[in-house]
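The sequence and the structure are shown first, and the description follows.

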Amino acid sequence: MNAHQHARVLSAAALSSDAFSGSVDPSAFKLSMRQIASPVGIITTREGDLRNGLTATSICSVSMEPPTMLVCVNRNASAEKTIAASGAFAINMLADAQHPVARLFSTPKLCPEDRFAGGQWSELVTGAPILEGAVATFDCVVQECITSGSHNLYIGRVIATRSLDQDILLYRDGAFRRLESIN
Ligand SMILES: Cc1cc2nc3c(=O)[nH]c(=O)nc-3n(C[C@H](O)[C@H](O)[C@H](O)COP(=O)(O)O)c2cc1C
């Protein structure tokens, strides 16, 4: 093994999670996360007549080819089981005026149909609910599910999308917020 290879092996060993038995203080982690402004979406799903969903900020794109998106869903969220069972979900990124919908879909234990009382809903291809007036919607088929800690990470293949040119809803430090231009 040359010096370069040796250094790579050493750094791989140092970076393996086994090398760190402890973990960061959860309140410090939470405080750092509160500083980040994130776009807000509603992840929806349907199995037969049962519709459900949750408000989420852990949403991002994964790849262009094929078009895929990632959502991180707590395994305790009531909608998680429906995503797993149906194999499909939709992401509805909210316009700033849609903050009441975000509140409905983040109210714990609310009856799923009461959540859908806010806003007008339709569907695209999978049947997962699509919110009228959302900034961007992505109708997805589950391609992969990875369990990590408390959450299931769903990678969805985007099979339909649509968008509207308007300001997205943000969430930072426990509050819903609007975009502001600095120009
Ligand atoms: C702004 C905001 C962002 C959230 N982001 C996520 C998220 O990315 N993933 C998640 O599992 N829960 C997230 N939650 C929590 C869920 O919305 C909430 O736990 C869920 O609606 C509870 O649903 P249930 O009562 O049907 O289980 C977020 C809540 C808020 C207010």
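## Sheets, helix and ligand shell

In this predicted model, seven strands make up an open sheet with antiparallel pairing, and their order is S3-S2-S6-S9-S10-S5-S4. At the edges of this sheet are strand S3 (50-56) and strand S4 (59-63), each of which pairs on one side only. On average, neighbouring strands of the sheet are turned by 35° against each other, direction ignored.

A further open sheet consists of three strands in the order S1-S11-S12, and its pairing is antiparallel. Strand S1 (38-39) and strand S12 (175-177) are at the edges with a single partner strand each, so one side of each has no neighbour in the sheet.

| Strand pair | Bridges | Residue pair |
|---|---|---|
| S4 and S5 (residues 68-74) | Four bridges | Ser-61 and Met-69 |
| S11 (residues 170-172) and S12 | Three bridges | Leu-170 and Arg-177 |

Helix H3 (residues 78-86) lies across several strands: S2 (41-47), S3, S5, S6 (88-93), S9 (136-148) and S10 (151-163). Relative to S2, helix H3 runs at about 55°.

Which residues come nearest to the ligand? Among the 17 residues around the ligand, these are Ala-56, Ser-58, Asn-74, Ser-78 and Ser-106. The elements S3, S5 and H3 each give two or more residues to this shell.

Methods:
Residues numbered from 1 in each chain as written. Predicted model: local features only at pLDDT ≥ 70, side-chain atom pairs only at ≥ 80, totals over all residues. Pairing = 2+ DSSP bridges. Axes fitted to C-alpha atoms, helices over the stretch in contact; angles between N-to-C directions. Contact = placed C-beta atoms within 7 Å. Near = placed C-beta within 6 Å.
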